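Take a walk through this model with the sequence at hand.

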Amino acid sequence: DSSLVLPWRMTADDIIAGTRQVVKGLEALRSENRGISQRLQEALIQGHGQEEPLGSQALQLLEEKYDLVRKSLEGIELGLGEAKMMIALSSHIGALEAEKQKLRAQVKRLCQENLWLREELAGTQLRLQQSEEMVAQLEEEKKHLEFMNQLKQYDTKEEQVRKDSLASLFASDEDEQRQPTSTAMAAAQQGGYEIPARLRTLHNLVIQYASQGRYEVAVPLCKQALEDLEKSSGHSHPDVATMLNILALVYRDQNKYKEATDLLNDALDIREQALGVEHPAVSAKGAGGVSLDQISWDSGSPKCSWKRGGASPSQ
C-alpha cells in the first residue's frame, strides 16, 4: 500500500504522531476489554451462585475467556505505558535538541568573538610596534637635538661676533632714539649721513639673517631691495648707496672681500655725485662709517687695505 510509511523513512514527528494514534487505539481497546472482562466476571459469579450451577465445561470456558481478556488488558496497559514513555522520551529529546541548537549558536557566537578578538589583538600589536618605532625615532631626535644644542653653545660666541660685525656700520633703533632729533647732528655722528627710515627694517632683517648664517636669504633680499630702489629712485640716489653698503657688509662677512670692495666703491661714487666731494659722508668716512684707508673685519680676521678706485683688498 502506497499510503503506508516505512519506519526507516519516518521522521521524529511522524513517529510521535503515530504513537499518539496508537495510544488512542489502545485506550479504546482497553475500555472494550474492560467491559468484556466485567461481563465475564459477572457471568462466572452467577454461574457459581445458581441453585443449579452450570456444567463444569461451561464454567471452564468462561474462566478461560476471562483469563484471556485479563491478559489482553495487561498487554494493553503495557503498550500504553510504553507509548506514553516514547512520547515523554520524544519530548525530552526535543528539549535536548533545542538545547543543542542553543549551544551551537553560542559556540558560533564565541567563535566569531574569538576571531574579532584575534583581529583586535593583531591591530593592537601593530599599533604597539608603530608606537615603539615612533618612540625610538623620538629618542634619536632627542639625542640629535641635545647634540645640536651642545654645538650651539660653541657657536654662540662666533655668531655674536658676526652679528656685531654686521651691526657695526649702522646704528640700531635704540641708538637712533638716543641720538638728537636734529638731522644734521645725526648725520655727523654717522659719518655724514643716516639710514633712511624705509631701509631700517630691511637693515635689521638682513643683520638677523646674516647673524644666523643664512646668507642664501640675506643676499637675495639685499639684491631685490637694491633693484627696487634703482627702479623707484634711480641709481644715483643716496639710498642706493646705503643699500650697497648693507650688501657689502654681507659679502664681507662671507669673506668675499673683492665683491665688498666693488660695492663700497660704487656707493662712494654715488655719494660723491649726490652729495659732493666735501660732504662728510664722502670726505670723512666714505664707506658709510668705515675708514676708506683701512677696513678692519671681524676680530681675528685679516685687515684689508682699501684703496679708492675699486682695488681689491689685500690680506
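Arg109 is partly exposed, at a relative accessible area of 41%. Here buried means under 20% relative accessible area, exposed means over 50%, and partly exposed lies in between (1.4 Å probe, protein chains only). Arg109 forms a salt bridge with Glu113, their closest N and O atoms being 3.0 Å apart. A salt bridge is a side-chain nitrogen of Lys or Arg within 4 Å of a carboxyl oxygen of Asp or Glu. Glu113 is partly exposed too, at 36%. Helices are DSSP runs (H or I, at least four residues), numbered from the N terminus.

This is a predicted model: local features need pLDDT of at least 70, side-chain atom pairs count only at pLDDT 80 or more, and totals for chains, interfaces and linings use all residues. Residues are numbered from 1 along each chain as its sequence is written, and side-chain values use heavy atoms, leaving out hydrogens and water.

The structure holds seven salt bridges. Arg70 and Glu74 form one of them, at 3.4 Å from N to O. Both lie in helix 2, four residues apart, about one turn. Arg70 is partly exposed at 34%, and Glu74 is partly exposed at 46%.

What does Glu77 pair with? Its side chain meets that of Arg34 in a salt bridge of 3.0 Å, N to O. This pair links distant parts of the chain: Glu77 is in helix 2 (residues 56-167), Arg34 in helix 1, 43 residues apart. Arg30 joins Arg34 and Glu77 in a network of salt bridges.

Stay with helix 1 (residues 12-49), where Thr19 lies. Is Thr19 buried or exposed? Thr19 is buried, with a relative accessible area of 8%. Beyond its neighbours within four places in sequence, Thr19 is in contact (heavy atoms within 4.5 Å) with Ala83, Met86 and Ile87.

Now turn to helix 6. Its buried residues are Tyr215, Ala218, Val219, Cys222, Ala225, Leu226 and Leu229. They cover an arc of only 130° around the axis, so they fall on the same side of helix 6. That arc is taken from the directions from the helix axis to the C-beta atoms. The face turned away from the buried side carries the exposed residues Glu216, Lys231 and Ser232. Gly234 follows helix 6, with a positive phi near 95°.

One last stop is the loop between helix 7 (238-253) and helix 8 (257-275), which holds Asn255. Most residues other than glycine have a negative phi. Asn255 has a positive one, near 65°.

Key
Helix = DSSP H or I, 4+ residues; strand = E, 2+ residues; numbered from the N terminus.
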